Structure formats: C-alpha cells, structure tokens
Amino acid sequence: MIVNRNITMTWWERIYLPEIFRGISVTSNHFFRNLIGFIPALLNKDKKRKIFTLYYPDEKVEFPPAYRGRPVLVVDENGTERCVACGLCEIVCPAKCIEIQPDETELEKERYPKSFSINMARCIFCGFCEEVCPKEAIVMSDECEIADLDRNKMFYKKDQLLISKNKLQKRLNYIKEIYGKWNY
Amino acid sequence: MELLIFFIFGGVAVLAAFLMIISWNPVAAVLNMILVMFCLAGLFVLLNAHFIAAIQILVYAGAIMVLFMFIIMLLNLRGNEPIWKSRDKNVLLSFLGFLLAVGAFIKLFSTLKASGLNQGTQIGEDFGTTALVGKILFTDYLLPFEIASILLLVAIIGAVMLAKTKID
Amino acid sequence: MEDFLITTAKVLFIFGLNMGVFAPLLTWVERKQSALMQDRIGANRADILGFSMIGLFHPIADAIKMLAKEDFIPEGANKIMHTLSPIICVVPALLTFAVIPFGGEYVIGGKHIKLVIADLDVGLIFIFAISSLATYGTVIAGWSSNNNWSLLGSLRASAQMISYEVAMGFTLVGVFMVYGSLQLTQIGAAQESFFRWGIFLQPLGFFMFLACAIAENKRAPFDVAEGESEIIAGYFLEYSGLKFGMFYMAEFLEIVTISAMVTTLFFGAWHIPFISSALILSMLSFLNETLANIILMLIHISVFWVKVIFFIWFQMTIRWTLPRFRYDQIMKLGWKILLPLSLANILVTGIVILILQ
Ligand code: SF4
Ligand code: SF4
C-alpha cells in the first residue's frame, strides 16, 4: 500500500543524485574519522579512540551516579547494615520482590533484618525502595551484569546484597542531593 | 580437435533438445533449452562467428529464456497438473506432431543436398567480427533489418495496449 | 608452449586474486566498513593465539564454520538444481574477468604481452552475455527450494534483473560509440590522456551504469530480492553451509567485476592521470627494455587494482548508506528513468560524434 504523506519534494531533491551524494558524504565522513582514529589505538599509542564504542567485555563504561543498577544494602563503618527492617521498601516495591524478616538487636538501632532477600529476576530497577528508605540503607548500585541461566541463583540473599559504604559513596551523595530537593 | 569439439557441442545440443521435449517438468525443459542455446553458441564460436555467439547467449539464454522461466515460476507450474496429462495419449496431437517432424526433416535434407555442403566456403579475415556484421546489417540487409524492427515495435505496442486494459 | 604458459599465469593471477584475496577479504571489509561508518567497532573476536589482527581472521573462521555446517536440502526440493544454482551464480562472476584487461601491452623479451586473458573482439557483449546468465542462479535457487519466500525472492530477482539488463546494455552503448570499439583492451588504451577518460566523455553513462550494475548485483539499495525484513532472505533462504557461502562469494566477486568494469570503461583503466606510459619508459631508459617494461607493467597492474579497490569501497559505501527502494520504485527507476535517459544519452552522443566528424 502506498501511503500519501503529503510530502512535496523540490526539483533538487527529486533528481535524487545530489541527495545520494549528501548521504554518502555523511557516512564516509564517519568512516574516515573512525578509520583514522583507529590508527593510534592500533599502535597502542593512544587508548582514547575517536569511536566512542567500547570493546565491551574487555572495557567497561563507568556509569554516571544516576544509573540504577541492582539494589544493594549499605554496610556502615561499624560493619553492620544500616537497614532497620522497617519494611517500607517491601511494601513500596511494585514487583513485590523484597522479602524481609526483622529481628531485635542489641545495637542502637534496635531492629535489624534477620534475612533480607531480593528476587533480581523480578526487580524492575525502579528505585522506589531506595527512595522510600528512611535510613538510606538500600541504594541502587552500578552493577548491571546480573543475568544468569538459573532462576534460583537470581534470588539474592542478604550476604550477597551487603556492600560497604565506601563503594557506594557516589550514589549516596547523589541521592542526598536529588531527594534533598523535595525535603524528605 | 575442432571436429571433436563440434561433436561434443552437437551431441549435447541434440541430447538436451531431446530431454527438453520429453521432460515433464517445465523448469527442467527450460534449462535444457538453455543448454541447447549454449551449445549453439559454441558451434557459432567454432565457425568464427564470435559476435553471433555472444548475441545468441545474450538474447536467447540471457533474456528470452529468463522470461520463460519467470512466467513458469509466476504460474508456479509443477509438471503434475492435469492439463499436462491431457497431452498423454492424444492420438491426433501425436500424429500432427509426427507429420510436422517428418516434413521438417525432409525439407532439411533436401536443402542440404542441394546446397552442396562438401565444398566449403572461403571466409575473409574479419569474418564474424562486430564491425563486419554491423556493416552488412546496415548496408546490404538494411530493409529486412528495419522491417524486423518495425515488426517488433508493433508487437511491443500491441502488448502494451493489451496490458493496459483495465480489469474492473 | 610459451603462449600457453603466459595464459596460464594470467588465469592463475586473476583466479587467485579473486578467490584467494577478494572473496574472503571482502566479507571482512564489508563488516568492518559498515562498522566504521556506523561508529561501531566491528568483527574482532576471532583470534589465533590471542592475536585478533583487527578481525582479519574472521574469513578463516567463516570458512571453517561453513565447511562444518550441515548441508541442508529441504524436503520437496529439486536436489540437482538446488545444488547446481550456487555454482551457476559463481561461475559468471568469475568468467567476466576473462575479457577485462588489467594492464596494457608490454614488450618483454621481444614478446608482446597483453594483460588480458582473452582479448575478444566482442568483449563488452561477452560481458553482458555472461552476466545475464547470473540470473539463472538466483531464479533456479528460489524455484528449487520449494519455499514460498524463496520463490517470491527469485521472482523479484528475475524481474529486476531483466529490467536492468536492458538499461545496462543501453548505458554502455554511448561508451563504445565514443571509443569506436567493443574490445575492452582498445577502450582501455584509448583512455591514455586524462581528458579522454570515460567519466568526462560519458558522465551520465557512468552514473546510470553504476546504478544498473548495483541493481544487477542485487545489493542495497536494490536488494528487494533478498529483503531480509520482508521475505527473510529471498532466494537463498533454504541454503546453508558452503552453498550459502557460494552465494555470498558470487555477490562479492560481482562487486569486484563491477569495479573492474567501471575502472576500465570510465576511469582510464590502467593509466595514471597526466603520466603517460611513454613518460615512465623514458624515465626508466637507463634500464634495458625488458626490465623497464616489467616495471611499467607492475606499475600499471597496481594502478588498476588501486582503482578497483576504490570502487569496491565506493560500492560498499553506497550499500551502507542508502535504504532499500520499494519494489515499484525500482521498476519505475529502471523503466521510466534509466531507460529513456540512456536512450537520450545515445542520441546526444551520436549527434555530438556526427558534428565533430
Ligand atoms: S526501607 Fe530501608 S530500613 Fe526499611 S526495611 Fe527497607 S532497607 Fe531496611
Ligand atoms: S528497585 Fe523497585 S522493583 Fe527493585 S527491589 Fe527496589 S522497589 Fe522493588
């Protein structure tokens, strides 16, 4: 079926050849830029090529702090998780993939999660849990390579979720800044 | 050597022509006919007529037989339709065909006898070259050439007129 | 005996260059060039002992893969024709090179050597005749596969190829009117001076010929016969392994053939602009005649292939730049634009030649 899109072409466009040359000049421009940008990388002189594509498994992108990878639990300086097992994230999670079993503890925070599991196969990386958490205890990390062939392995237990605070500092600063705007 | 090549080409041509007639599968028939065209082109090359040979392949094998093929595929003839079977055991058709073949052969042999094939003809150095063929075509045989082209033009216009008829 | 040896050497050179260098290398070039044009990196995973050599080992990996794959013949397919059609595709692409000169005429050891396998009087028509046979490969492939997509593909292919063959023939009529010969060696030799190159005498002819040739080769933007997004892969849908590879090989060889033809007809064949062979010979006059001629021959051969490689690059660029035409647009371009334009080109060329005489 021919759809009439009411496009009227000028005479210059209708002879088609000039437009072809325009297209070819665009693509060959990219070609030569990349071709010449390849040479220093080939000679191991300059690691920064003109192509911004990366050799993925060998080289990895550093994600900006706004990137939402898998959610993790923050471990404080004293070696315990920040989470107080309030259950807010469990409730807010739209995918219903968080399961928490609270317990009492001698520490100042009085409550802690005895078990904390996230079903990564169901998590949609929405970041609601991070947003709702009153203690900034659950944050989105920059890890995204969590695929697996086994569903059971996607069921992350507490010890797999714990990550020390230093590693997450960038994200923690970021959420402070971004959520601070609304004065939570 | 030349005689050997001639017999190879000629034999294959006759064989392919025979296979073309007896094969049930229309595509196989077309392919055999292409083979015949090829062998004919080879025979032309043996006769030093390179131009005719090239044109033979270009026009017959390259264009006309492709059209045949195109039509066969467009209609998707598979060779097992009842219409093909209907020519089986058709006495009248077979008889007429036989008569045609016999007549053609008689005419062929009588012409060959009369022409005195054994003497052979002297050919010039530039025989069969493009230049010579062109010169002869556009001087001695200009009228037949033009008549043929007008005939083809009429055929083309007729085909276009037939095809242009609106169906609805 | 000597003649036989020389001819064998020429055949081996062309055959080796095409099958050994161009056919495998172009698969790599195609991937790599498209990658560069799209700001990607392209094939680089195949390596030998950790050296990936910017993906240069991929053709080898491809060859191994194709040899190891199952040679699949679908049920209800015509086995003989199914096997025959890839061969029919490859052979014309190779045969065309028999009449394309890759160098001029040289005196080596008192012998005149022409760098062309068969210096036919009907060179151009031979090329047309042979290349028109390539249609059968695709048509039979589609028909014998017993698959509706294949049949559609080969129907499209045959209709397209018949249409463009007509236009292609007419576009080149202007060229051999200008040079007064069908012989490719003579056409090449006539382009000695820069301003007698075909592109200056037949500019319109060049563009039309390139369009027709790419359409004949069924590559994008004229690849409706394959049309991956519409009819999966068209006529070679049911092929696997080595036969599938042969279709690709035919396509790549045809790219080389088209480039060689464009070079010979429009871009001065083996000549270098503004530097005539007499000039090179006089510069080399301190050597003896045979040696000077050999050097000249090598220069000419490399110039010719450099030009060919440029046009291969150009065709690849076109292929990765333009989107596929719709089927009716292809037919319209062929019959309503290229054919009348090429006829007009012939008319104008004829008038100009008449006036100049
Ligand atoms: S919202 Fe925060 S503190 Fe409450 S259970 Fe979830 S992670 Fe723990
Ligand atoms: S990111 Fe969204 S889906 Fe994933 S655990 Fe947190 S709230 Fe649930």
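The structure is a predicted model, in which local features need pLDDT of at least 70 and side-chain atom pairs count only at pLDDT 80 or more, whereas totals for chains, interfaces and linings use all residues. Residues are numbered from 1 along each chain as its sequence is written, chains are lettered from A in the order in which they are written, and side-chain values use heavy atoms, with hydrogens and water left out.

The rule finds 2 residue pairs in polar contact across the interface of chain B and chain C, both at pLDDT 80 or more; such a contact is a pair of N or O atoms within 3.5 Å, where within protein one must be able to donate a hydrogen and the other to accept it, and residues adjacent in sequence count only if both atoms are side-chain atoms. On the side of chain B that touches chain C, helix 2 (26–46) and helix 3 (50–75) of chain B are the elements that give two or more residues (helices being DSSP runs of H or I with at least four residues, numbered from the N terminus). Helix 3 of chain B provides the largest share of this side, 16 residues. By class, this side of chain B holds 20 nonpolar, 6 polar and 1 charged residues, with Ala, Val, Leu, Ile, Met, Phe, Trp, Tyr, Cys and Pro taken as nonpolar, Asp, Glu, Lys and Arg as charged, and the others, Gly among them, as polar. In the contact (heavy atoms within 4.5 Å), 27 residues come from chain B and 24 residues from chain C.

The largest pocket holds about 2,600 Å³ of space. A pocket is an open set of points on a 1 Å grid over the protein atoms alone, where a 1.4 Å probe fits, with protein on both sides within 12 Å along at least five of seven lines; lining residues have an atom within 4 Å of a point. Its lining comprises 45 residues, of which Leu58(B), Val59(B), Val166(C), Gly169(C) and Phe170(C) lie nearest the centre. The lining of the largest pocket has 31 nonpolar, 7 polar and 7 charged residues.

The second largest pocket contains about 1,400 Å³ of space, a volume being the space filled by probe spheres set on grid points joined across faces, edges and corners. Among the 39 residues lining the second largest pocket, Arg14(A), Tyr16(A), Phe325(C), Gln329(C) and Leu333(C) are the closest to its centre.
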